[in-house]
Amino acid sequence: MSREQTETMMESQVNPEDVLLEVKGLKKHFPIRGGFLRRVVGQVKAVDGIDFYVKKGETLGLVGESGCGKSTTGRTIIRLYDPTEGEVIFNDPDMGQVHIEELDSKGLRKVRQNMQMIFQDPFSSLDPRMTVGRIIGEPLLINGVAKGRRLRERVAELLTVVGLRPDHASRYPHAFSGGQRQRIGIARALALNPKFLICDEPVSALDVSVQAQVLNLLEDLQTQFDLTYLFIAHDLSVVEHISDRVAVMYVGYLVEMAPVERLYYNPKMPYTEALLASIPKPDPRNRARPVRLPGDVPSPANPPSGCYFHPRCQYAQDICKVERPPLRLVGPDHWAACHFADELNLKGVPRLGESAVLRTPSAASTIQVRGRRVTSEQTGDGEARTEQPQQPPRPPQQ
Amino acid sequence: MAETIPSAQSTEIRPTGEDNVIEVLDLHVHFFTTLGVVRALNGVTFKIPRGRVLGVVGESGSGKSVTGFSIMQLVQHPGKIVKGQILLKARKDDQPINILKYDRHSQQMRNIRGNEVGMIFQEPMTSLNPSYTVGNQIQEAILLHQTPDKDEAWRRTVDILRRVGMPNPERIARSYPHELSGGMRQRAMIAMALSCTPSLLIADEPTTALDVTTEAQILDLMRELQKDIGMSIMFITHNMGVVAQMCDEVVVMYLGRIVERASVEEIFYDPKHPYTVALLRSIPRIGLSKGEKLEVIKGGVPDSYSTVTGCPFHPRCPNFMPGICDKVMPAETPIEGNPHHTVRCHLYPGSAAEAEVETSGLAPGTAPAAS
């Protein structure tokens, strides 16, 4: 099947009015230079022809191992890299349909008001010599949206929105923890009221408890400001939590894309199965590891023949070594690039229920308070609360 | 050296009848910075039985890594081990020795480091020397500890690289770190740590920088090797999934103290300390958390220069009881008489029985009565 066919089929799956971003045949190759004259001796095909769309208001998760091209995809969409080939069509609320790959710097500045990025490393993505107020205010100044008092007010408002205090504006980034810095990065991205945010591993540098805070914040902001996310991450449980649909990348190609439920419970591509099986399950009673993926990710400068995954695939047949399978429709809104997607019966993550860790009353709802059992009320969201005893059981002696 | 001055009690060695590879007793590590003293460890006590895997979990700044570095006596200036004992019993029939008696630069300490106790560091990228081949770096440890014969050492180097699952180990041994992928570098680190078959392996976030698929391979490998060699592992991590998959016992650390210790089953199925509960609930779980808010622990880990009176977790605790949690440091309490499951929390009876009182910064009159 040709790419054009894939494209038309994709269009048939969704109402064009709902599409905020459409990527068609996007390629980004980086030249490898070598030898005396620094001639181009090869190409790193970081992204090699991918098609997908993002619907308004949804979160599309983009996952894959390091080096698969997921960050390059994000950066090419917002034109931090110029694409080698392909189209990126953004449905700008002000400008209508724009081809981002054709825009000049003036057009880019305009479109980037509606399309912003949150970066991975909260330590290197903030200028250490600018106050937080200036960092967040800069996009407003540059675009001439606000200045003076209006600017300060807007910065204060943004800080409040991301859960910081307005007086933090006068401090420098070094005074903040990782989670707080990531909030600053989010505030900066939100400054111009964008519609679309590319989140490039926004929580992978954070501690688990802080990660939960930032994920919740991103979800709140999505509802509050009607945002659409492209959420790039390698942590599959984080992606499952936040995404509506998930796309899996492998060595520059999209190998599977489906609504999150389908992808996690009913994958159609052996690579997705292997990825899901590799997640260490937070359950000591379930230590089985069914599929162990051998070897490493192939280099995008020198990929294998046929299906790029075939050297590591336990289901590989002769055809996989010769012919690269196209991304095709294998179920409702479920795309997979595998010759045997229809025949294979792949395992997703086990349906939970059996591993009843937490969320169950045993965890904390009945906590023995100094000999007295206090039964907590099980609130609707499964949160267990322990009643505060009327008096501190052992008041310190005065 | 000042950091090895044994305190009054650390000169006596308390033999427990058990066969523990390492016993850390009341370890205190402070960092004397220009801005003040950072109390990184405030009395950490744990032991690792032979052949077992202990998980050490906690957020950044909880003192997990410092604990590992202390055992190796690699705590860097301005950090100092100010109190405590670390008893190492490398072989089953050895007498336990307090390694803090040795100067960190002494020959005895060098014999332990890398030989009896191996360590895998967090970042394979920065922990390997870029200007030597991988084989050179592994061989160095073998030459130092095991055999003076270079050919023999090289043979063992290639052998250990083969054991950690490297394809074509001869070629890898002659490669430089930059020629290897992240997973391969981490394997090389593991090979280096295992080259002298240590009795204790300290793994400091060995898979944090890796992809899930590589992580799965490395964990598999470590489990296999642990079974073969019979070593004990101290597994420092903040990934609860890894803990569940790898560890036999778990200690949860918060601000330089162990707040809960239990078997891995109990930590996951019956956690007691509000911090452990919160930590477990804040991880997104596939299938469980969809469409729901993640539970968060409010606030962040407090500034390391400040001291919190009472229980260090009380400002973030959902079960905070005013008047006690902010005044009295809870003691380690066994849960329902089970000495293998202990918790430091006032929610459980007996926690204040021998409560340690914060000696500094406590207003007079607020000291609790010890009953």
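How many of the eight residues of helix H2 of chain A are buried? The model examined here is predicted; local features were considered at pLDDT of at least 70 and side-chain atom pairs at pLDDT 80 or more, whereas totals for chains, interfaces and linings use all residues. Residues are numbered from 1 along each chain as its sequence is written, chains are lettered from A and ligands numbered from 1 in the order in which they are written, and side-chain values use heavy atoms, leaving out hydrogens and water.

Helix H2 of chain A (residues 70-77) is mostly covered, with six of its eight residues buried. Buried means under 20% relative accessible area, exposed means over 50%, and partly exposed lies in between (1.4 Å probe, protein chains only). Helices are DSSP runs of H or I with at least four residues, strands are runs of E with at least two, and both are numbered from the N terminus. In H2(A), the buried residues are A:Lys70, A:Thr72, A:Thr73, A:Gly74, A:Thr76 and A:Ile77. A:Arg79 follows this helix and has a positive phi, near 65°.

In chain B, helix H1 (residues 64-71) is likewise described as mostly covered, six of its eight residues being buried. These are B:Lys64, B:Val66, B:Thr67, B:Gly68, B:Ser70 and B:Ile71. Just after H1(B), a positive phi of about 55° is found at B:Gln73.

Chain A contains twelve helices and 14 strands, and 56% of its 398 residues count as buried. Contact is defined as heavy atoms within 4.5 Å. Of the contacts in chain A between residues at least 6 apart in sequence, 62% join residues at least 24 apart. Chain B has eleven helices and twelve strands; of its 371 residues, 58% count as buried. The corresponding share of contacts in chain B, again among residues at least 6 apart in sequence, is 65% for residues at least 24 apart.

Helix packing was examined in chain A. Two packed helices are described by the angle between their axes and the distance between the axes. Axes are lines fitted to C-alpha atoms, for helices over the stretch in contact, and angles run from 0 to 180 degrees between N-to-C directions. The axes of H4(A) (residues 132-142) and H6(A) (residues 178-190) come within 7 Å and cross at roughly 25°. The two helices are therefore roughly parallel to each other, a label given to angles under 35 degrees, with those over 145 counted as roughly antiparallel, 65 to 115 as roughly perpendicular and the rest as oblique. The crossing of H4(A) and H6(A) is right-handed; a crossing is right-handed if the near helix is turned clockwise from the far one by less than a right angle, and left-handed if anticlockwise. H4(A) contributes A:Val132, A:Ile135, A:Ile136 and A:Pro139 to the contact, and H6(A) contributes A:Ile184, A:Ala187 and A:Arg188. These residues comprise six nonpolar, no polar and one charged, where Ala, Val, Leu, Ile, Met, Phe, Trp, Tyr, Cys and Pro count as nonpolar, Asp, Glu, Lys and Arg as charged, and the others, Gly among them, as polar.

H4(A) also packs with H5(A), at an angle of about 115° and with the axes 9 Å apart. This crossing of H4(A) and H5(A) is right-handed. On the H4(A) side the contact involves A:Val132, A:Gly133, A:Ile136, A:Gly137, A:Leu140 and A:Leu141, and on the H5(A) side A:Leu151, A:Arg154, A:Val155, A:Leu158 and A:Leu159. Eight of the contact residues are nonpolar, two are polar and one is charged.

The loop between helix H5 (148-161) and H6 of chain A holds A:Asp167, which counts as partly exposed at 41% relative accessibility. Its C-alpha lies 9.8 Å from that of A:Val132, although the two are 35 residues apart in sequence.

A nonpolar core is a set of buried Ala, Val, Leu, Ile, Met, Phe, Trp, Tyr and Cys residues joined through side-chain atoms within 4.5 Å. The largest such core has 76 residues, and those with the most contacts inside it are A:Ile186, A:Phe231, A:Tyr264 and A:Tyr271. Helix H7 of chain A (residues 208-225) supplies the largest share of this core, seven residues. Another core, of 60 residues, lies apart from it and includes B:Ala153, B:Ile218, B:Phe235 and B:Met246.
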